[in-house]
Amino acid sequence: FFQKTLTAVKTWFTLFGWSKGQNPISVPCSLRRDVCIVQLTVAQENNFKRKLDKEKGFYEMLLHLNGQPIPGIAASQSLPVDPVERMFQLHWQHSELLSFLKSQGAYLSHVMPEFLLAPEDYKIWAEVNAGLRKGSMRSSGKLSGKRIFVLEDSTFETLSKRAWTDVLLQIYKVFVLPLVSSRSVPDPSSLESLQNMPGIKTEPLCSNIYSRYERIVLIWLNKNYEKNRKIVWKDSQRGGIPPMRWIVNFDRDLLDGLVLAAQIAAYCPYLIPTHFIKMYTDPRTHEQFVHNSLILVKALHAVSLGIDIKV
């Protein structure tokens, strides 16, 4: 499940996260590398500078999605040559990033700044906190007074991947989802068939699971499904018209493909006779679920929506 989530996140940010076209990313490697323009020193070799494309740094992506920079953090900057000082600055940057995102409504209390560091910087962080290495220009050489647990390399890499994935998901939630306007989603009660169905409220405190903007998307799903199910499958030979349903989540209620098909049919009705009419409207077996998903993916390809969703 987490791998599929990671793949979807990488695909979206690769395609839509940047101001000037696509930019392939990897999680967490390219994000950890591209948090800023980095200046490194190799002891055995001559000094060298590794500069990144200014328009493809992590904070440039954040600037594109947010519309304004994070206070106190420049989109492009150099790091200290000293590895301990570099670690301290990166740790501070990540702390500021997490604080800023949480101030915008992101749920990231489980992500620590050190989880976003590169492995070599995390090792330095662990050594400094364990007192095995002194931090230059620091009074105590420690980042916090709390007891820490040093992770093994493989465990850290897994945790870092999860942390960066959650950061990207929350960036999407607080900067992209709010662009959805409730004004473009008519009140579901305006549909006669929905008047007896429990409503979904968009007030901020009405759910401790979904944000206001996510609930607006749920309203949109309910409205389009109820409006189109009798149109899309009125001539269905594989189960007839599907029954009314109350769509309250983004996983179980979408598993059979019918809800998503109804959304696409609302904007591309020409796909109904060529694709959606062939779907099972009451799927019971694994093969029928796969059949519906295959039709859905083919429909996305037919309208050139190349987001690489697998069946």
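Helix α1 (residues 2-16) and helix α6 (residues 153-176) have axes that come within 10 Å and cross at roughly 50 degrees, and the two helices are therefore oblique to each other. The model is predicted, and the crossing of α1 and α6 in it is left-handed.

**Contact between α1 and α6**

- On the α1 side the contact is made by Phe2, Thr5, Leu6, Val9, Trp12 and Phe13, while α6 contributes Lys161, Arg162, Thr165, Leu168, Leu169, Ile171, Tyr172 and Val176.
- Sorted by class, the contact of α1 with α6 has 10 nonpolar residues, along with two polar and two charged ones.

**Aromatic pairs within and around α1**

- The count of aromatic pairs comes to 11, and one of them is the tilted pair of tryptophan 12 and phenylalanine 16, whose centres are 5.6 Å apart with 55 degrees between the planes.
- Tryptophan 12 and phenylalanine 16 both belong to helix α1, where they sit four residues apart, about one turn of the helix.
- Tryptophan 12 counts as partly exposed because its relative accessibility is 22%, and phenylalanine 16 is likewise partly exposed, with a relative accessible area of 40%.
- Ring pairs link Trp12, Phe13, Phe16 and Tyr172 into a cluster.

**The aromatic pair between α3 and α6**

- Phenylalanine 58 and tryptophan 164 have ring centres 5.4 Å apart and planes at 80 degrees, so their pair is edge-to-face.
- Because phenylalanine 58 lies in helix α3 (residues 58-66) and tryptophan 164 in helix α6, the pair ties together parts that are 106 residues apart in sequence.
- Phenylalanine 58 and tryptophan 164 are both buried.

Notes. Residues are numbered from 1 along each chain as its sequence is written. This is a predicted model: local features need pLDDT of at least 70, side-chain atom pairs count only at pLDDT 80 or more; totals for chains, interfaces and linings use all residues. Side-chain values use heavy atoms; hydrogens and water are left out. Axes are lines fitted to C-alpha atoms, for helices over the stretch in contact, and angles run from 0 to 180 degrees between N-to-C directions. Angles under 35 degrees count as roughly parallel, over 145 as roughly antiparallel, 65 to 115 as roughly perpendicular and the rest as oblique. A crossing is left-handed if the near helix is turned anticlockwise from the far one by less than a right angle, and right-handed if clockwise. Contact means heavy atoms within 4.5 Å. Ala, Val, Leu, Ile, Met, Phe, Trp, Tyr, Cys and Pro count as nonpolar, Asp, Glu, Lys and Arg as charged, and the others, Gly among them, as polar. Rings of Phe, Tyr and Trp (its six-membered ring) pair if their centres lie within 6.5 Å; planes under 30 degrees apart count as stacked, over 60 as edge-to-face and the rest as tilted. Buried means under 20% relative accessible area, exposed over 50%, partly exposed in between (1.4 Å probe, protein chains only).
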